[in-house]
Amino acid sequence: QVQLVESGGGLVQAGGSLRLSCAASGFSFNNYRMGWFRQDPGKEREAVAAISWSVWSGTIINYADHVKGRFTISRDNAKNTVYLQMNSLKPEDTAVYYCAADWGHGGTWYREDEYDYWGQGTQVTVSS
């Protein structure tokens, strides 16, 4: 049974930090690109970051422009876990954050329809 379980969300003041985790099980984690998306009520879900790894190409990381320099995505293949370190948080970062898994390393990292599995999401609220 495939599971993606996010944790680490919460309430933080603007300028603060949070670290999200996503524990994966039920599939070959190493073979999947892992992504973080977010959705604020009334808005479309948007891509935040993604990370893939292979023995041939190493680690490939992508970020959305609005989080570059503030967020860092990483993965621990031994623990089947992907992380999102979020620094210098802004009120506009408030959203439900979702972890997702996409088989392979090609395609377009920011397209929702490329991802095969999704977590339930964790709420991040940034107060001004």
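Modeller: Asp-102 has a relative accessible area of 3% and is therefore buried (under 20% relative accessible area; exposed is over 50%, partly exposed in between, with a 1.4 Å probe and protein chains only). The model is predicted, so local features need pLDDT of at least 70 and side-chain atom pairs count only at pLDDT 80 or more, while totals for chains, interfaces and linings use all residues. Residues are numbered from 1 along each chain as its sequence is written, and side-chain values use heavy atoms, with hydrogens and water left out.

The partner of Asp-102 is Arg-33, in a salt bridge whose closest N and O atoms are 2.6 Å apart (a side-chain nitrogen of Lys or Arg within 4 Å of a carboxyl oxygen of Asp or Glu). Arg-33 belongs to strand S4 and Asp-102 to strand S9, so this pair ties together parts 69 residues apart in sequence (strands are DSSP runs of E, at least two residues, numbered from the N terminus). Arg-33 is buried too, at a relative accessible area of 5%.

By the same rule the count comes to eight salt bridges. Arg-38 takes part in one with Glu-46, again with 2.6 Å between the closest N and O atoms. Here Arg-38 is buried at 6%, whereas Glu-46 is partly exposed at 32%. Arg-38 also meets Asp-93 in a salt bridge of 2.9 Å, N to O. Since Arg-38 lies in strand S4 and Asp-93 in the loop between S8 and S9, that pair ties together parts 55 residues apart in sequence. Arg-38 and Asp-93 are both buried. Through shared partners, salt bridges join Arg-38, Glu-46, Arg-70 and Asp-93 into one network.

Arg-75, in strand S7 (residues 71-76), is another case. Arg-75 is buried yet has no salt bridge, and the nearest side chain of opposite charge, Asp-76, is 8.4 Å away (Lys and Arg count as positive, Asp and Glu as negative; His and the chain ends are not counted). A polar atom of the Arg-75 side chain instead lies 3.0 Å from the backbone oxygen of Ile-51. The side chains of Arg-75 and Asn-77 are joined by a polar contact of 2.8 Å (N or O atoms within 3.5 Å, one able to donate a hydrogen and the other to accept it; sequence neighbours count only if both atoms are side-chain atoms). Leaving out residues up to four places away in sequence, Arg-75 touches, among others, Arg-33, Met-34, Trp-53 and Val-82 (contact means heavy atoms within 4.5 Å).

Met-34 and Val-82 are also among the residues with the most contacts inside the largest nonpolar core, which has 34 residues (buried Ala, Val, Leu, Ile, Met, Phe, Trp, Tyr and Cys joined through side-chain atoms within 4.5 Å). Strands that each supply at least two residues of this core include S4, S7 and S9.

The search of the whole structure finds one (a pair of cysteine sulfur atoms within 2.5 Å): Cys-22 to Cys-99, with S to S at 2.1 Å. Cys-22 sits in strand S3 and Cys-99 in strand S9, 77 residues apart. Cys-22 is buried at 0%, and Cys-99 is buried at 0%.

Terms used
Helix = DSSP H or I, 4+ residues; strand = E, 2+ residues; numbered from the N terminus.
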